[in-house]
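Colleague: I am new to reading protein models. Could you take me through this one, term by term?

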Amino acid sequence: MSADTLVRTLSQLEGELHLPGVRKSASRINALLHADFEEVGRSGRHWNRAAMVDMLLSESVPVEVVADNYVATELQAGVALLTYRAAHRQADGSLVRHTLRSSIWIRVGDGWQMRYHQGTAAAQTW
């Protein structure tokens, strides 16, 4: 898979997890997250797949995530690192919660699943 195809594929899958409709679909979340999924969130909290699914399904206010600067690196065949930056858009258009994000994706069958995700508060806003 070319580098362009890899970044396009993984950023599209990652972006699905930012969409309110996907965040309310247990079946789609479970399809995107590996059974052994783990996350260390921006807050420092550790999440497993079940806790993440529950949290996303229980969100009462949809969050608009703005993400860019995606870079994908193939670590080995069928394993890739995706890095990018993201922020939440407020009702007034301003961006808050600027975060540097990284995810490890693994090839499962004909698709990809997120195995690990980490968010780190950004030192600079954009």
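Modeller: Gladly! Let us begin with the helices and strands: the protein chain has four helices and six strands. Their order along the sequence is α-α-α-β-β-α-β-β-β-β. This is a predicted model, where local features need pLDDT of at least 70, side-chain atom pairs count only at pLDDT 80 or more, and totals for chains, interfaces and linings use all residues. Residues are numbered from 1 along each chain as its sequence is written, and side-chain values use heavy atoms, with hydrogens and water left out.

Colleague: What makes a stretch a helix or a strand?

Modeller: Both are DSSP runs, numbered from the N terminus: a helix is H or I with at least four residues, a strand is E with at least two.

Colleague: How do you know that the radius of gyration of the protein chain agrees with a compact globule?

Modeller: The radius is taken over C-alpha atoms, and the globule rule is 2.2 Å times the number of residues to the power 0.38. For 126 residues the rule gives a value near 14 Å, and the protein chain has 14 Å, so the two agree. Along its principal axes, the C-alpha trace spans about 40 × 30 × 25 Å.

Colleague: Why is Arg97 called partly exposed?

Modeller: Buried means under 20% relative accessible area, exposed means over 50%, and partly exposed lies in between (1.4 Å probe, protein chains only). Arg97 has 42% relative accessibility, so Arg97 counts as partly exposed. Across the protein chain, 36% of the 126 residues count as buried.

Colleague: What is said about the phi of Arg97?

Modeller: Arg97, in strand β5 (residues 95-108), has a positive phi of about 55° although it is not a glycine. Asn69, in strand β3, is not a glycine either and has a positive phi of about 60°. Most residues other than glycine have a negative phi.

Colleague: What makes a set of residues a nonpolar core?

Modeller: The members are buried Ala, Val, Leu, Ile, Met, Phe, Trp, Tyr and Cys residues, joined through side-chain atoms within 4.5 Å. The largest such core here has 22 residues, and Leu10, Leu33, Trp105 and Trp112 have the most contacts inside it. Its largest share, four residues, comes from β4.

Colleague: Which residues is Leu10 in contact with, leaving aside its neighbours within four places in sequence?

Modeller: Contact means heavy atoms within 4.5 Å. With those neighbours set aside, Leu10 touches Ala72, Ala80, Leu82, Trp105 and Trp112.
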